[in-house]
Amino acid sequence: MTSDATVAALTRRIEELEAESEIRRLQARYMFLCDTPNPEFGVRDDAHRIDLIMELYSEDAVWEGVGEYYDGQFGRAEGAAAIREHFERFWSEEQAPALVLNAHYLTSEQIHVDGHEATGQWIHVQPWLFSDGKALLRSSRLNNSFRKVSGTWKITRTRTENVFVAPLAPGWASDYPSTSVLMKP
């Protein structure tokens, strides 16, 4: 292999590794922003949280729940405005009982980069605790797409399918904060 070909091959490999790393951080930040209480320092309220989440999406993105459990629960939102409305419904102040704890744990990651486009698959598990004491453990498969837009990776599709939902015993989590200070600079 010539020195120019070697440099070109190494450059492609580095670009792919950097893309994987940026996509991993993008997906993790999305999950972080969806956690309750919100762990990212400086998020003032749910409206601000939604603004930050929307910065992660492309204008033409799609968010959808698929499969027999999620089709009816989440449906499909096409475009940034529809995705924003989806999140606004989820974090509306009208939720009763209120969600007091929700944390996303990502595993089984696979990221596939093809130039300025990529896909990623994960399994995530998340405990939910509500103000009335009810609790559940939910697991979903994620099959997401990404695109580099003006030098920044954006989510172009969030696609989630239920793996299981299991009730948790009341009071399973006894100690949890109402806010997080961990990420404070």
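Predicted model: local features only at pLDDT ≥ 70, side-chain atom pairs only at ≥ 80, totals over all residues.

Colleague: Why is F41 called partly exposed?

Modeller: Buried means under 20% relative accessible area, exposed means over 50%, and partly exposed is in between (1.4 Å probe, protein chains only). F41 has 39% relative accessibility, and therefore counts as partly exposed.

Colleague: What makes F41, L182 and M183 a nonpolar surface patch?

Modeller: Patches are made of residues with over 30% relative accessible area and no salt bridge; like charges are joined within 9 Å, and nonpolar side chains (Val, Leu, Ile, Met, Phe, Trp, Tyr) within 5 Å. F41, L182 and M183 make such a patch, of about 330 Å². The areas come from the Shrake-Rupley method with a 1.4 Å probe, and for residues only the protein chains shown count as cover.

Colleague: Which residues of α2 are buried, and what covers them?

Modeller: In α2, the buried residues are H48, R49, I50, L52, I53 and M54. Their cover includes α1, β1 (57-66) and α4. At the start of α2, a side-chain oxygen of D45 comes to within 3.2 Å of the backbone nitrogen of A47.

Colleague: How many aromatic pairs are there, and by what rule?

Modeller: Rings of Phe, Tyr and Trp (its six-membered ring) pair if their centres lie within 6.5 Å; planes under 30 degrees apart count as stacked, over 60 as edge-to-face and the rest as tilted. By this rule the count is eight aromatic pairs.

Colleague: Why is the pair of F90 and W128 called edge-to-face?

Modeller: The ring centres of F90 and W128 are 6.0 Å apart and the planes stand at 75°, so the pair is edge-to-face. The pair links distant parts of the chain, with F90 in helix α4 (residues 80-90) and W128 in strand β5 (residues 117-130), 38 residues apart. F90 is partly exposed because its relative accessible area is 26%, whereas W128, at 8%, is buried. Ring pairs also link Y30, Y57, F87, F90, W91, W128 and F130 into a cluster.

Colleague: What makes the pair of W122 and F146 edge-to-face?

Modeller: For W122 and F146 the values are 6.2 Å centre to centre and 80° between the planes. This pair, too, links distant parts of the chain: W122 is in strand β5 and F146 in strand β6 (residues 135-149), 24 residues apart. W122 counts as buried because its relative accessibility is 3%, and F146 is buried at 1%.

Colleague: How do you know that Q126 is buried, and which side chains does Q126 meet in polar contacts?

Modeller: Q126, found in strand β5, has a relative accessible area of 5% and is therefore buried. A polar contact is a pair of N or O atoms within 3.5 Å; within protein, one must be able to donate a hydrogen and the other to accept it, and residues adjacent in sequence count only if both atoms are side-chain atoms. The side chain of Q126 has such a contact of 2.7 Å with that of N102 and one of 2.6 Å with that of H124.

Colleague: What makes E109 and R24 a salt bridge?

Modeller: A salt bridge is a side-chain nitrogen of Lys or Arg within 4 Å of a carboxyl oxygen of Asp or Glu. The side chains of E109 and R24 meet at 2.8 Å, N to O. The pair links distant parts of the chain, E109 in strand β4 (residues 105-114) and R24 in helix α1, 85 residues apart.

Colleague: Why is E78 called exposed, and with which residue does E78 form a salt bridge?

Modeller: E78 has a relative accessible area of 54%, and so E78 is exposed. Its salt bridge is with R76, the closest N and O atoms being 2.9 Å apart. R76, at 48%, is partly exposed. A network of salt bridges links E64, R76, E78 and R159.

How values were computed
Residues numbered from 1 in each chain as written. Heavy atoms only, no water. Helix = DSSP H or I, 4+ residues; strand = E, 2+ residues; numbered from the N terminus. Contact = heavy atoms within 4.5 Å.
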